[in-house]
Amino acid sequence: MFCETGIMSKAKPQQPAVIHKVIMVGSGGVGKSALTLQFMYDEFIEDYEPTKADSYRKKVVLDGEEVQIDILDTAGQEDYAAIRDNYFRSGEGFLCVFSIKEQESFQATQDFREQILRVKNDENIPFLLVGNMADLAEQRQVTEDEALKRALEWKVTYVETSAKTRANVDKVFYDLMREIRSRKMEASRQSNGKPKKKDSKKMKCVIL
Amino acid sequence: MAPRYPPPLVTGVSPKEGPPGTRITIRGENFGNDPRDLIGLKICGMDCLLSAEWKSSAKIIARTGPGKGMGDIIPITRYGGVGSCTVGFRGYFLQIGPLQESAVWIDESQTVQSNLDRGRSATTIAAKEEEDPLGILDEGDKPRLGEDQLLEMFPEASGNLSLENFSPGWYLLEHHRNASFSDLKAGLSYMKRKASTRSEGPITFVRSNLTTILDCLDSLTAMYEKYNEEDLRGDCMNSYAVLLMQAKSCADGLFQEVLGRKDKADSTRNALSVIQKFRFLFHLPLNIQRNIQKGDYNMVINDYEKAKSLFADTEIKVFRKVYREVERRIGGFRNMLHKRLKDTHNTLDEQKKLIRYLVSLEYKGDPAWECLDNQQNWLIELLDDCKDDHIEEEKNSVQAENHAVSPGGPQWKPLSKVNKSPSRTGITRESSFSSLSSSDQQAAWKFRTPQKVLFIEDITDIMLQHFPDYWRLGQSYFTREKSEKGVKIDTSKHGKMKQMMTEVVSLFSNYVRAAFLPESLEGMPEAEREKFGVWPKSGKQDNIPGNWLPICVRNIRNCANYLSGLDGHGDSMIVLKDLAFDMRTNCMFTLLKQAISDVKCLHTKETWVVETDDQCGGTTQLPALFENIVNEAIQHLHEVVVMNKPSEPEIFSQRPIQKEATMLCSQLLQAFSICMEQLVFSPPLQKKETKQVKIVIGQEVEVEQHGDPIPSLDKRLIIMLSNCRHTLEVVVPRIIENLTKHGYVEMEKALKAAQDTYGALDQRLFSSYIEQKSDPILGAMEPNLYRGGFSWRGWQGQAQGVRNYLKEIIMSLIEVHSEVFSISPKFVMRVMQKITEAVCEELCRLIQCVTEFNAGGAIQARLELEALHSTVRIYSTNHVEACFKEAFDVIPELSEEGKLMVAGLLEQFKARMRIQLWCFQSEDEPVPLKMMTHADSSC
């Protein structure tokens, strides 16, 4: 019915070849989707509707270069914990979000960090620790120091954002994309220089 | 082409995967400016436009279709065309088991049915086995440990979850050898969560392995029965049986809830299917209601028939209840139809339909008959109302007229009446009939249609509009009964029907008769006549103007003709035909009578202006007017009298009518003579007098307009004489011819009578004219003759020539001649003959009376006789000749000298009087010289 070739010829060549795949992680209700939608569409969603898994992709200009950002907005709820692995595997960079007014969500970042590292098996995976809801400072439960300390520990950047006021929203996505880009360039340099070093260390630990 | 907008682009989808029917939020750009701009939406190749909900140009909410696998989301907008997407949607199918709760309706026919058919399959347990209890996905890229390796590590154990000697170590090594410790920990917590959700423990286990357990139980039972039968084990069987029983009761306990739910579900399903199956019945009351509102009565009846055949005798309570409801509705429907049937404004078709409906709804009684009855009453009512209304109007107008006539009374305004029926004013037809009428009431009548005419138009309208419907209804009533029921022909009703028809028709006819032919109802008792309406009599103005009658007659005839065209149904048609016939005759008589009276009034129209033409001689316009009136009457009557419609009797076929018609015709013809006679002998009064007496306005105007003085009697006489002659010779035969042409019979009689009348009138007029003319001449003769002491005896003087008296006589004769000639040359001979005869006779008588002549006297007498004789020669008759002869005999013989003298003097007289004498020449005697020679010879 619809001209498939037309779509192909019109839409596809326009898309930049470079796609940076970003995954939003964090506990339920911390504002992953809000951040995503604010970044994507400049809109702030007031009402809360648990996400299952949403997918967004758009063209952005990163430091003068046209690239595509692909955002996978995952479910924060524990119910979906089991399917996370699959998602994480495809991610190139992670925004680990917690709510500054919810201590538990901050604690959960630890688990997410671990799961990501396990799946990606890479200590230097592009990763940003994001403290959301900065506009609700009066309800703050997680101090900036606390968060910064953890970021330092993980060797990642900590940024406080507000999906509501759009404070630092673009910054976290662009910073992450830059990290991803530099990682990719590094990787290509490596693969060009010498064959890819494969971590073939085998765990022989058996738990009885 | 609309301006092109950028094509829509989808950049976000939430969620990105799900089973069919997942509600997804699609975000992006250029989705159009309003919902109508979105003209297409494809998700995974499936069109989802129906479920699409346009939120903004950047957001659409839709439900996915049954697309499977990864696919694009393509919106299409009116101005942007086919869009593209950067994100996709993955559709997958969920299989929901019979025991899982589901928010949506699942088609169980495959799963449940097949399971029931095929027995319990082991899919459940197999599926469970495949699922990892720890929720850790197998990495898959590491080689697995071999079975024998594991067996070596765990002797006497197994990795099978369902076995008793299951060893977790074995399992973990086998499946998750590469998992990290934290993974395993996560897996443990996952398993714990899982376990907690199925906290019932054994029940959950049993549930998830139901089929196996049932199989076990079945085989155990089978075993038990088999052992029992063969009595192999004896006592131990008891405990076995007990165990089995326990297992059963335990199972029952376990599944009580589930089974209860299942039973409920089954019964619900049953109920649903029953409802589905008998949905027709359950929806019927509502449907009936709806169809009645929609006016789809056929549907209602069909449904009802169907329901009746299916459920009328049902024993099932629910059905009975619903059916009762249906019956109730149908009852209401029936009543409604019945009510509508009573409403008389329906058309014939509607009525037929309603009746059919009622019959098919088994309405008690005979709806058609009721309808007929109803219709008849209504018709009668209509006729009644029509009559009453018009009589009322008439009364009012009569009153108004009376007021208007009485001096100082309120002025009657014809306009107000006219306004009431503007459509009728157009037909007002002016004719000599009404314009000749000589009263101001009549004049007022001219301005509007007479009430009776309106009445007849209305009443025939009613008949024409409604009676045919009524009749057809009646007709179809019998034909229907014949065709449908076969048995139910009620002959008594046939008769009754006929009677009803006749009733209506005769009522109609009587109303018309009351208005137009009241005398035809005289045979009835007074009270009964009053019922048909008593039309007010407005004194002189009793009858409506004749020119309206043909319209009435036409109406009635059309009506009669049309109604009898419905198939002559006996009595009623005879009544109608009689009515039409009577109307025709009445019309004819009335018109003829009116014409007669009009003709009689003609004398007021005389202007005394004589127009001469070569053929007819001099006439006034009166004969032409007369002819006009008659011809117009004939013309008016043409349609009424001559044109017979099929099945109408010849109007002259009845002897009395024929006689009367002939009589009226001849009266009409003769009426003019009266008029003329009146004009001559008692002419209308002079202008002065009319002003004093003030008779009627119309006449006064007439006289003023023409202003001609009425001529003297002798002039009038000669004019009328000419008119009479003209009428007799030209007009009457023409009229007779016209009449005969129009079918009037025995016109010879009328002609004869007319000729007699006009002949007599002619005679009368002629003789009085002659008298009028000759009397002064004769009277003056003797005194003039003997003037100056003249005496035949003592005549001494020389004969001087013809004396003056004779010249005066001749001059008088010339005067008469000219008078007659100016009116009608034809009469000259006739009149002159008569007058010369009288004159000559008188002169001769005078001469004869002379006893003695002297010579001079004899010469003189001879001379004068000769002179007269020669002068009137062309008008002379035998009688005149004889007179002259006698006179000549009396005069003594003249001497030769005397003779010569007479001849000389005669010659002298002729020469002197030449001009005058020309008048006495006949037209074929051209020259006066010749005449002289004649005179000589006669000497």
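**Exercise 1. Confidence in the two chains**

What pLDDT does chain B average, and what percentage of the residues score at least 70? Carry out the reading for chain A as well, and locate stretches where the pLDDT is below 50.

*Solution.* Step 1. The model is predicted, and chain B has an average pLDDT of 71, with 70% of the residues scoring at least 70.

Step 1. Within chain B, the pLDDT is below 50 over residues 538–542, a stretch that has 6 contacts in the model beyond near neighbours in sequence. Residues 925–939 of chain B also have a pLDDT below 50, and that stretch has 19 contacts beyond near neighbours in sequence.

Step 2. For chain A the mean pLDDT is 84, and 85% of its residues reach 70 or more. Residues 1–13 of chain A have a pLDDT below 50, with 13 contacts beyond near neighbours in sequence. Over residues 196–201 of chain A the pLDDT stays under 50, and the model has 0 contacts beyond four places in sequence for them.

Step 3. Where pLDDT is low, the predicted coordinates should not be read in detail. As for scores of the model, ipTM is 0.82 and pTM is 0.45.

**Exercise 2. The interface of chain B and chain A**

Describe the extent of the interface and the make-up of the side that chain B contributes.

*Solution.* Step 1. Begin with the contacts: 28 residues of chain B touch 28 residues of chain A.

Step 1. Turn to the area. The size of an interface is often given as the accessible area lost when the parts come together. Here about 2700 Å² is buried between chain B and chain A, and carbon and sulfur atoms give 57% of this area.

Step 2. Count the polar links. The rule finds 10 residue pairs in polar contact across the interface, both residues being at pLDDT 80 or more.

Step 3. Assign the side of chain B to its elements. Those giving two or more residues are strand 1 (9–14), strand 3 (23–29), strand 8 (69–77) and helix 5 (181–197) of chain B. Helix 5 of chain B gives the most, with 6 residues.

Step 4. Sort by class: this side of chain B has 12 nonpolar, 10 polar and 6 charged residues.

**Exercise 3. Strand pairing**

Trace the strand pairing between the chains, then the pairing around strand 7 of chain B.

*Solution.* Step 1. Between the chains, strand 2 (residues 53–62) of chain A pairs with strand 1 of chain B in the antiparallel sense over 2 bridges. Ser55(A) stands opposite Val13(B).

Step 1. Within chain B, strand 3 and strand 7 (residues 59–63) are antiparallel partners over 5 bridges. Ile24(B) has Ala62(B) as its bridge partner in strand 7 of chain B.

Step 2. Strand 6 (residues 53–56) of chain B also pairs with strand 7 of chain B, in the antiparallel sense and over 3 bridges. Here Trp54(B) stands opposite Ile60(B), and a hairpin joins strand 6 of chain B to strand 7 of chain B through 2 residues.

Technical notes
Residues numbered from 1 in each chain as written. Chains lettered and ligands numbered in written order. Predicted model: local features only at pLDDT ≥ 70, side-chain atom pairs only at ≥ 80, totals over all residues. Heavy atoms only, no water. Contact = heavy atoms within 4.5 Å. Buried area = accessible area lost by both parts, 1.4 Å probe. Polar contact = N/O pair within 3.5 Å; in protein donor to acceptor, adjacent residues only side chain to side chain. Helix = DSSP H or I, 4+ residues; strand = E, 2+ residues; numbered from the N terminus. Nonpolar A, V, L, I, M, F, W, Y, C, P; charged D, E, K, R; others polar. Pairing = 2+ DSSP bridges. pLDDT = per-residue confidence, 0-100.
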